[in-house]
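Here is a short report on one protein chain.

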Amino acid sequence: MDLNNTSSDPKRQVMNQIRQEAALNNARALINKLNGHCFDKCIPSPGTSLSRKEETCLSSCLEKYMGMWNTVSRVYIAQIQKTAGQAGGGGFDGLGV
């Protein structure tokens, strides 16, 4: 069964749209959280512009957390695929990751 073929099943189309919207909302929440965390960590006293040190800190902070997020996501998706395979599922129709 092809879980990505949704053209003939309106219920599956709606479920896929909901999954995509949930993934987008989760991504937005992650970005907002990262921005807040990295801003608090790297910019002790906001001004009209960022210093080179603050720019470097922000860049490094965001890269670190995004890298960690990608690693955790890959492991999580692999675990879901493994579980679905063991349960006889048709695979992971996930979030396009």
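Glu 54 sits in helix H2. The model is predicted, and every value below is computed from it.

Glu 54 is buried, yet it makes no salt bridge. Which side chain of opposite charge is nearest to Glu 54? That is Lys 53, and it is 8.5 Å away. A salt bridge needs a side-chain nitrogen of Lys or Arg within 4 Å of a carboxyl oxygen.

Glu 54 does have a polar partner in the backbone. A polar atom of its side chain lies 2.9 Å from the backbone nitrogen of Ser 51.

Leaving out residues up to four places away in sequence, Glu 54 touches Cys 42, Ile 43, Pro 44, Ser 45 and Ser 49. One of these, Ile 43, has its own list under the same exclusion: Cys 38, Leu 50, Glu 54 and Leu 58.

**The disulfides**

How many disulfides does a search of the whole structure find? The search returns 2. Their geometry is set out here.

| Disulfide | S-S distance | Angle about the S-S bond | Hand |
|---|---|---|---|
| Cys 38 and Cys 61 | 2.0 Å | -80° | left-handed |
| Cys 42 and Cys 57 | 2.0 Å | -70° | left-handed |

Take the link of Cys 38 and Cys 61, a disulfide with its sulfur atoms 2.0 Å apart. Cys 38 belongs to helix H1 and Cys 61 to helix H2, so this pair ties together parts that are 23 residues apart in sequence. Both cysteines, Cys 38 and Cys 61, are buried.

Now the other pair. Cys 42 and Cys 57 form a disulfide. This pair links distant parts of the chain, with Cys 42 in helix H1 and Cys 57 in helix H2, 15 residues apart.

Cys 57 is partly exposed, because its relative accessible area is 22%. The cut-off for buried is under 20%.

Number the bonded cysteines in sequence order and the pairing reads 1-4, 2-3.

**The core**

Which residues make up the largest nonpolar core? There are 5 in all: Cys 38, Cys 42, Ile 43, Leu 58 and Cys 61. Helix H1 (10-42) and helix H2 (52-86) each supply at least two residues of this core.

**The chain as a whole**

The chain has 2 helices and 0 strands. Of its 97 residues, 16% are buried. Consider the contacts between residues at least 6 apart in sequence: 38% of them join residues at least 24 apart.

Notes:
Residues are numbered from 1 along each chain as its sequence is written. This is a predicted model: local features need pLDDT of at least 70, side-chain atom pairs count only at pLDDT 80 or more; totals for chains, interfaces and linings use all residues. Side-chain values use heavy atoms; hydrogens and water are left out. A nonpolar core is a set of buried Ala, Val, Leu, Ile, Met, Phe, Trp, Tyr and Cys residues joined through side-chain atoms within 4.5 Å. Buried means under 20% relative accessible area, exposed over 50%, partly exposed in between (1.4 Å probe, protein chains only). Helices (H or I, at least four residues) and strands (E, at least two) are DSSP runs, numbered from the N terminus. Contact means heavy atoms within 4.5 Å. Lys and Arg count as positive and Asp and Glu as negative; His and the chain ends are not counted. A polar contact is a pair of N or O atoms within 3.5 Å; within protein, one must be able to donate a hydrogen and the other to accept it, and residues adjacent in sequence count only if both atoms are side-chain atoms. A disulfide is a pair of cysteine sulfur atoms within 2.5 Å.
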